[in-house]
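Please prepare a briefing on the model shown below, with attention to its helices, its core and the surroundings of its ligands.

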Amino acid sequence: MRTLLVVAAGVVALFLTIAQFGTAGWTKPPILAQQHGFRGTGMDQIQTRREAEEIKAANLPPTPADPVEAGTDKAGAVYQNVKVLQDVSVEEFNRLMTSMTEWVSPEQGCTYCHNTENMADDSLYQKKVARRMLQMVQHINTAWKEKHVGEAGVTCYTCHRGQPVPQHVWFDNPGPTYKTGFKPRNNGQNLASPSVGLSSLPYNTLETFLAKKDTDQNLIRVNATTALPESKGKPIQDAEKTYGLMIHMSESLGVNCTYCHNTRAISNWSQSTPQRTLAWHGIRMVRDLNGDYITPLTATFPANRLGPTGDAPKINCATCHNGQSKPMAGAHVVEPYPELAKVTETGEAPKAPDTQPAEPAPAPQ
Ligand code: HEC
Ligand code: HEC
Ligand code: HEC
Ligand code: HEC
């Protein structure tokens with residue numbers, strides 16, 4: 001009997017060993033570890049070499065189009081229906097149209113946005129959306145230059161990557177709809193949702209934290225600010241929502257919590273990395289983009305592009321970052337396209353964020 005058990009255990013162990021190599025999720029060495037904080041704090045980023053190569057290969061910036069003569073005629077004077085790029089020379093305008101096609105609709109070509117019988121016609125929704133996207137890109141590269149995107153900047157390619165619909169968009173997630181019978185009370189959680197790394201955390205965290213501009217500045221903060229409780233504090237459910245967002249941020253950037261936090265004092269700003277401050281502004285930028293640019297386009301999008309509650313496809317950290325802490329590995333993608341790095345519109349003045357993001361609250365000790 002005993003020998004039988006030993007043999008059975010041996011067989012099971014053998015199968016488990018083989019299964020470990022063949023099934024997903026098993027990490028094959030060599031491991032790349034990068035120290036990110038002070039010695040002894042364990043603030044390391046850990047990847048396998050293969051993972052690092054795959055991520056790098058998936059985030060190569062496209063070659064910019066060849067430069068053109070400066071030109072004197074402005075697009076606003078030559079063409080009939082130019083509202084954003086009026087001040088750009090005709091040569092640069094056409095170069096940008098070619099690049100936009102390569103970035104957004106390489107397969108469909110100009111016809112994705114244009115009725116080629118009349119290029120000035122605005123009947124396709126894609127052109128109306130694209131015009132707003134031009135303004136959004138100029139806004140990101142100017143209003144958010146110092147606080148987030150820096151010299152690197154963004155182009156249409158940062159999000160679109162040769163696809164009309166970026167790979168990473170999200171919708172309001174109302175959870176399962178039960179037409180009849182018992183409605184189990186799930187408290188908005190316990191469903192493996194991709195937005196929280198397939199964990200059982202609340203599945204609609206992006207709607208809570210990233211959809212609106214006028215979100216309470218301290219909504220994400222859950223730690224007590226005094227050593228002993230003085231008031232009732234936030235419920236554990238709020239901490240779960242914060243955790244869900246943090247998982248989204250970590251996965252989008254391909255990093256772990258210690259890229260931003262010293263986990264012995266998560267909330268403490270003086271022990272956090274400078275990247276945490278950039279992330280703080282990133283959160284406000286995403287709210288700004290969704291609130292001012294994407295949500296107002298809801299009526300412009302056709303119904304088949306909208307989410308289950310009729311909302312527009314929105315932006316999150318992964319839309320630009322796509323698994324990297326610096327999108328396109330930090331390449332200065334906007335440099336060859338100066339018209340996207342300034343506000344060219346001459347008509348209505350661009351809207352700056354209503355409230356300038358203040359410095360993060362001082363560390364609660
Ligand atoms: C992703 C959408 C998109 C694609 C693809 C695109 N365009 Fe455009 N195009 C626009 C938008 C938006 C405007 C208006 C810009 C503005 O208002 O400042 C425009 C305007 C124009 C105009 C000015 C028309 C007028 O008289 O007002 C021309 C010409 C033009 N595009 C040519 C092209 C060509 C050629 C291609 C293909 C190589 C192309 N576009 C691909 C979105 C696009
Ligand atoms: C910060 C990310 C981001 C950037 C940068 C960006 N877009 Fe978009 N774009 C989106 C999102 C999100 C959508 C909504 C996806 C959908 O349509 O389902 C979208 C949708 C579109 C659509 C409609 C596609 C469709 O068929 O529904 C067009 C056209 C478009 N963008 C053009 C552009 C152009 C041109 C630029 C550069 C001037 C640009 N975008 C830059 C995020 C971005
Ligand atoms: C890219 C940077 C970044 C990463 C990665 C990150 N965080 Fe955060 N975290 C922040 C920022 C920024 C805030 C403050 C947000 C605010 O105040 O709006 C924050 C806040 C928090 C808070 C609330 C602190 C308080 O004062 O109440 C907790 C808890 C937290 N993070 C946990 C985590 C965990 C756990 C992980 C890993 C799964 C993680 N974070 C990964 C940037 C990050
Ligand atoms: C519109 C595109 C876009 C969106 C959306 C976006 N970022 Fe960024 N992010 C960038 C760019 C561009 C940089 C600058 C890279 C550089 O300086 O080379 C950057 C840099 C960062 C950095 C600094 C990385 C480093 O190693 O120095 C952090 C942290 C960061 N972003 C966090 C976030 C978080 C968290 C979100 C979502 C709440 C977010 N970002 C959303 C474009 C974006």
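The buried residues of α5 are Val129, Met133, Leu134, Met136, Val137, Gln138, His139, Ile140 and Asn141, where buried means that 20 or more other C-beta atoms lie within 10 Å of the residue's own, exposed means 12 or fewer, and partly exposed lies in between, with C-beta atoms placed from the backbone. These buried residues of α5 pack against α6 (145–149), α7 and α10, contact being defined as C-beta atoms, placed from the backbone, within 7 Å. This is a predicted model, in which local features need pLDDT of at least 70 and side-chain atom pairs count only at pLDDT 80 or more, while totals for chains, interfaces and linings use all residues. Residues are numbered from 1 along each chain as its sequence is written, and chains are lettered from A and ligands numbered from 1 in the order in which they are written.

**Overall architecture**

- The protein has 11 helices and 2 strands, these being DSSP runs numbered from the N terminus, with helices of type H or I and at least four residues and strands of type E and at least two.
- Read from the N terminus, the order of the elements is α-β-β-α-α-α-α-α-α-α-α-α-α.
- The C-alpha trace spans about 90 × 55 × 55 Å along its principal axes, and buried residues make up 27% of the 365 residues.
- Among the contacts with a separation of 6 or more, 63% are between residues 24 or more positions apart.

**Helices α5 and α4**

- Helix α5 has 19 residues and reaches 26 Å from its first C-alpha to its last, close to the 27 Å expected at 1.5 Å a residue, the expected span being 1.5 Å times one less than the number of residues.
- Helix α4 has 15 residues, and the 21 Å from its first C-alpha to its last is close to the 21 Å expected at 1.5 Å a residue.
- In α4, the buried residues are Glu92, Phe93, Arg95, Leu96, Met100 and Val104.
- They lie on the same side of α4 because they cover an arc of only 160° around the axis, an arc taken from the directions from the helix axis to the C-beta atoms.
- The buried residues of α4 pack against α3 (75–78) and α7.

**The largest nonpolar core**

- The largest nonpolar core has 51 residues, of which Val137, Val154, Val286 and Leu289 touch the most other members; such a core is a set of buried Ala, Val, Leu, Ile, Met, Phe, Trp, Tyr and Cys residues joined through C-beta atoms within 7 Å.
- At least two residues of this core come from each of α4, α5, α7, α8 (205–210), α9 (236–253), α10 (274–294) and α11, and α10 gives the most, with 8 residues.
- Leaving aside residues up to four places away in sequence, Val137 touches Val154, Thr155, Cys156 and Leu340.

**Surroundings of the ligands**

- Around ligand 1 there are 23 residues, of which Tyr79, Val84, Cys110, Cys113 and Ala120 come nearest; a residue counts as near a molecule if its C-beta atom, placed from the backbone, lies within 6 Å of it.
- The elements giving two or more residues to the shell around ligand 1 are α4 and α5, and the largest share, 5 residues, comes from α4.
- The shell around ligand 1 divides into 13 nonpolar, 7 polar and 3 charged residues, with Ala, Val, Leu, Ile, Met, Phe, Trp, Tyr, Cys and Pro counted as nonpolar, Asp, Glu, Lys and Arg as charged, and the others, Gly among them, as polar.
- Around ligand 4 lie 24 residues, the closest being Ala152, Gly282, Cys317, Cys320 and Gly330.
- The shell around ligand 4 draws two or more residues from each of α6, α9, α10 and α11, and α10 provides the largest share, 6 residues.
- That shell around ligand 4 has 14 nonpolar, 9 polar and 1 charged residues.

**Backbone points in a loop**

- Most residues other than glycine have a negative phi.
- Arg161, in the loop between α7 and α8, has a positive phi near 50° and is partly exposed, with 19 other C-beta atoms within 10 Å.
- Asn187, also placed in the loop between α7 and α8, has a positive phi of about 60° although it is not a glycine, and it counts as exposed, with 10 C-beta neighbours inside 10 Å.

Terms used: Two residues are in contact if their C-beta atoms, placed from the backbone, lie within 7 Å.
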